[in-house]
Amino acid sequence: MNKPGILATMALALAATLGPVATAQATPAQSGAAATTTATTTATSSTVATANGGCLALFDDGAPAAPILCDTEARDIDWPDGRREWVMVGSDRQVWHTYQFSANGSWSTWSVLGSASGVRGGVWRWYSTLSTPVVKVYGSDSNYWCNTIGGNGTWTDWYTC
């Protein structure tokens, strides 16, 4: 039986063991493969409060735990080759992501997905008409900002949308 206190203790232990987070751009898509809206598996994330007033995102598919902006959710992207990617707004109000190197494989470290003008809230994820994932956030400048996977398989720069 899981008790809230046990989960909080586990979250604090995970937070304490998280190493420094990379800030380099990562390339989640291989060979420019487009994402698909049909997922074959379902992954979930949950958020737990930490003792210092922050929040920590936990994942049931092996993705590394990470500090998340409280009252927001992480969003997943399922790639056609079976890999998964998670996108979320971190406690620093930047957009972060992690991805699998291969289907059911190991995970990258969390990295910043560029700058989106000081994010105010959570992240949205949807697919364009070309089955390309689009990440959308609301910036501190009162504009919506988007990021997509480019033809070369890397995330584009942020643009107003």
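Author: The torsion about the S-S bond of Cys-146 and Cys-161 is about 80 degrees, so that disulfide is right-handed. Keep in mind that this is a predicted model.

Reader: How far apart are the sulfur atoms of Cys-146 and Cys-161?

Author: The two sulfur atoms are 2.0 Å apart. The pair links distant parts of the chain, with Cys-146 in strand S10 (residues 144-148) and Cys-161 in the segment after strand S11 (159-160). They are 15 residues apart.

Reader: Is Cys-146 buried or exposed? And what about Cys-161?

Author: Cys-146 has 2% relative accessibility, so it counts as buried. Cys-161 is partly exposed, with a relative accessible area of 45%.

Reader: How many disulfides are there in the whole structure?

Author: A search of the whole structure gives 2. The other one joins Cys-55 to Cys-70, with an S to S distance of 2.1 Å. Cys-55 lies in strand S2 (residues 55-59) and Cys-70 in the loop between strand S3 (66-68) and S4, so the bond ties together parts that are 15 residues apart in sequence.

Reader: Which hand does the disulfide of Cys-55 and Cys-70 have?

Author: Its S-S torsion is about 110 degrees, so this disulfide is right-handed. As for accessibility, Cys-55 is at 14% and therefore counts as buried. Cys-70, at 28%, counts as partly exposed.

Reader: What is the pairing if I number the bonded cysteines in sequence order?

Author: The pairing is 1-2, 3-4.

Reader: Change of topic. Which strands make up the open sheet, and in what order?

Author: There are 4 strands in the order S4-S5-S6-S7, with antiparallel pairing. The edge strands are S4 and strand S7 (111-112), each of which pairs on one side only.

Reader: Why is S5 described as largely enclosed?

Author: In strand S5 (residues 84-89), 6 of the 6 residues are buried, so the strand is largely enclosed by the rest of the structure. Arg-84, Trp-86 and Met-88 point one way from S5, while Glu-85, Val-87 and Val-89 point the other way. All of them are buried, Arg-84 and Glu-85 included.

Reader: How many bridges does S5 have with S4?

Author: S5 and strand S4 (residues 75-78) pair in the antiparallel sense over 4 bridges. Within that pairing, Ile-77 stands opposite Glu-85. The hairpin of S4 and S5 has 5 residues between the strands, and Gly-82 there takes a positive phi near 95 degrees.

Reader: And on the S6 side, how many bridges?

Author: On that side, 5 bridges join S5 to strand S6 (residues 95-99), and the two run antiparallel. The bridge partner of Trp-86 in S6 is Thr-98. S5 and S6 also form a hairpin with 5 residues between them. Arg-93 in the turn has a positive phi of about 65 degrees.

Reader: Where is Gln-94?

Author: Gln-94 sits in the loop between S5 and S6. Its relative accessible area is 32%, so Gln-94 is partly exposed. The side chain of Gln-94 makes a polar contact of 3.0 Å with the side chain of Asp-92.

Reader: Last one. What separates the C-alpha atoms of Gln-94 and Ser-111?

Author: These C-alpha atoms are separated by 9.9 Å, with the two residues 17 apart along the chain.

How values were computed:
Residues numbered from 1 in each chain as written. Predicted model: local features only at pLDDT ≥ 70, side-chain atom pairs only at ≥ 80, totals over all residues. Heavy atoms only, no water. Buried < 20%, exposed > 50% of the residue type's maximum accessible area, 1.4 Å probe, protein only. Pairing = 2+ DSSP bridges. Disulfide = S-S within 2.5 Å. Polar contact = N/O pair within 3.5 Å; in protein donor to acceptor, adjacent residues only side chain to side chain.
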